[in-house]
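Biologist: I would like to learn how to read a model like this one. Take me through the features, general idea before particular case.

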Amino acid sequence: MIQHKKILLTGGAGFIGTKLCSLLSNDNEILIYDSLKRNSIKNTNLLDKSNIKLVQGDILDFNHVKSVVDEFKPDIVIHLAGVAGIDTVIKNPVNTMRVNMIGTYNVLESLKEHKIEKFVDFSTSEVFGSYAYKVDEQHTTNLAPVGEARWTYSVSKLAGEHLSHSYYKEYGMPVVTVRPFNIYGPGQVGEGAIHQFVVRAIKNEQMQIHGDGDQIRSWCYIDDFVDGIMLCLRKKEAIGQSFNIGNPRGTITISMLAQLIKRIADSKSEIVYIPKTYVDVELRIPSIEKAKNLLNYNPKYDLAEGLEKTIDWYRGVLND
């Protein structure tokens, strides 16, 4: 159990941060540092709790980040703050690079003089490039062609990984990197495919698939994913390691995913195929053997069960 700790979550008001905040808030003091550009915590009553505090701020403002860290003196830091979402990344490649690289540096540098127990850095499965079949953590990461805005995200996240592990090697900071593989579930805000499909299916609106829909993804339900993060927090063996956290059993094409969501939601939506205007990841399936062996990580939810829970949650929110 994680108890009686001071936990800082950068980007903690987002989808994953909100879920972690909920799990960690019973016996710990939580500080969320977030720009609130993506606000999932507003759908909860977490901020009513006396042991959870939200500071609105920009991760690029080093002086503000450092003053917050110096005042709070965290035991554990979970660094979720970052730019994500394909549309956002393509529109704002400069800001993507700045937030994901310089923002990560700002957090690490502000912690350098503090004795912390764990620093969890959130990277991305995109570091493996366009074709990633059962990739493990030792698999070559892919820098992809320069000039394609899509890859500014993966490169900036990869730079953040190298930076975090450099602080581990040079300063002994207890760093763990996690690479999420297509996380979905109740509370998701932003641009994810399941989020888009579910909202449109519930409203019986047109469900749009970019390209032929033959892109393959492995989907991981949020509860399984945060189980993996909690194991990273609890286990000393995680320090200095990177972990793929996902669920290979949730593998499906985008076209089949849309059909499955339509069926579970009992939707009248029309599924249409529209031209793809960006470079895409065609295949992404993780190997999670390292997380299984070192962390005892074991995802439990199959895709249909996770989608049912997700659709139920969205119905409740959309009907409010």
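Modeller: Start with burial: buried means under 20% relative accessible area, exposed over 50%, and partly exposed in between (1.4 Å probe, protein chains only). Of the 320 residues in the protein chain, 53% count as buried. This is a predicted model, so local features need pLDDT of at least 70 and side-chain atom pairs count only at pLDDT 80 or more, while totals for chains, interfaces and linings use all residues. Residues are numbered from 1 along each chain as its sequence is written, and side-chain values use heavy atoms, with hydrogens and water left out.

Biologist: How do I judge the overall dimensions, and what radius of gyration does the protein chain have?

Modeller: The radius of gyration is taken over C-alpha atoms, and the globule rule is 2.2 Å times the number of residues to the power 0.38. For 320 residues, a compact globule would come out near 20 Å; the protein chain has 19 Å, which agrees. Its C-alpha atoms fill a box of roughly 55 × 45 × 40 Å along the principal axes.

Biologist: How many helices and strands are there?

Modeller: Helices (H or I, at least four residues) and strands (E, at least two) are DSSP runs, numbered from the N terminus. The protein chain has 10 helices and 15 strands.

Biologist: Take a helix. Which residues of α1 are buried?

Modeller: An α-helix has 3.6 residues a turn, so residues three or four places apart point the same way. In α1, the buried residues are Phe15, Ile16, Gly17, Thr18, Leu20, Cys21 and Leu24. That is 7 of the 10 residues of α1 (residues 15-24), so the helix is largely enclosed by the rest of the structure.

Biologist: Now the sheet. What is the order of the strands in the open sheet?

Modeller: Strands of a sheet pair through backbone hydrogen bonds, either parallel or antiparallel. Two strands pair if DSSP finds at least two bridges between them. Here an open sheet of 7 strands runs β3-β2-β1-β4-β5-β7-β12, with parallel pairing. β3 (52-56) and β12 (242-245) stand at the edges with a single partner strand each, so one side of each has no neighbour in the sheet. Axes are lines fitted to C-alpha atoms, for helices over the stretch in contact, and angles run from 0 to 180 degrees between N-to-C directions. Neighbouring strands of this sheet are turned by 20° against each other on average, direction ignored. Zoom in on one pair: β4 (residues 76-79) and β5 are parallel over 4 bridges. Val77 has Phe119 in β5 as its bridge partner.

Biologist: Which strands do helices α4 and α5 lie across?

Modeller: Contact means heavy atoms within 4.5 Å. Helix α4 (residues 93-111) lies across β1 (6-10), β4 and β5, at about 175° to β4. Helix α5 lies across β5, β7 and β12, at about 160° to β7. Asn106 is in α4. Asn106 is buried, at a relative accessible area of 4%. Beyond neighbours within four places in sequence, Asn106 touches Ile59, Leu60, Asp61, Phe62 and Val65.

Biologist: How many residues does the largest nonpolar core have?

Modeller: A nonpolar core is a set of buried Ala, Val, Leu, Ile, Met, Phe, Trp, Tyr and Cys residues joined through side-chain atoms within 4.5 Å. The largest one has 62 residues, and Leu20, Ile78, Phe122, Leu257 and Ile261 have the most contacts inside it. Helix α7 (residues 222-234) supplies the largest share of this core, 8 residues. A second, separate core of 24 residues includes Leu31, Val77, Val83 and Leu111.

Biologist: Last feature. How many salt bridges does the structure hold?

Modeller: A salt bridge is a side-chain nitrogen of Lys or Arg within 4 Å of a carboxyl oxygen of Asp or Glu. The structure holds 12. In one of them, Glu126 meets Arg150 at 2.5 Å, N to O. Glu126 sits in the loop between β5 (118-122) and β6 (131-135) and Arg150 in helix α5 (residues 150-171), so the pair ties together parts 24 residues apart in sequence. Glu126 also meets Arg284, at 3.2 Å, N to O. That pair links the β5-β6 loop to strand β15 (residues 283-286), 158 residues apart.

Biologist: Is Glu126 buried or exposed?

Modeller: Glu126 is buried, at 8% relative accessibility. Arg150 is buried at 5%, and Arg284 at 6%.
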